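Welcome to my notebook. I jotted down what I looked up, one entry at a time.

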Amino acid sequence: MKKLFLLFAVATMSLSIYSCRETTEEKTEDAVEAMGEDVENAAEEAGNEMEEAGQEMENAAENAENEMEQEVEEEVNETDDNA
């Protein structure tokens, strides 16, 4: 009877340890997947922000160019008026 009880106890412990190991592996896999998704989202967000910054720089350069053209045109008009 003691042998049967010990055998049952060992079998039960083995199953519970195996079950815990599977749960840990599943949680680890889920955590790794979540981290991968977070990295992917962060990279996409950074790319979007870089694209926006590039567009802002392009707009600023165009504005500077337009301002310079206006100033040159005003200077030419002033020179023509003085002559």
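I counted 4 positive and 27 negative side chains in the protein chain, and the centres of the two sets lie 60 Å apart. Here Lys and Arg are positive and Asp and Glu negative, with His and the chain ends not counted; each charge is placed at NZ of Lys, CZ of Arg, CG of Asp or CD of Glu.

**How I read it**

This is a predicted model, where local features need pLDDT of at least 70 and side-chain atom pairs pLDDT 80 or more, while totals for chains, interfaces and linings use all residues. Residues are numbered from 1 along each chain as its sequence is written, and side-chain values use heavy atoms, leaving out hydrogens and water.

**Overall form**

I found 1 helix and 0 strands in the protein chain (DSSP runs, H or I of at least four residues for helices, E of at least two for strands, numbered from the N terminus). The radius of gyration is 36 Å, well over the 12 Å that the globule rule gives for 83 residues, so the chain is more spread out than a compact globule (taken over C-alpha atoms; the rule is 2.2 Å times the number of residues to the power 0.38). Along the principal axes, the C-alpha atoms fill a box of roughly 120 × 10 × 5 Å.

**Two residues**

I looked up S16 in helix α1, which covers residues 2–82. S16 counts as partly exposed because its relative accessibility is 36% (buried is under 20%, exposed over 50%, partly exposed in between, with a 1.4 Å probe and protein chains only). E25 also lies in helix α1, and E25 is partly exposed at 38%.
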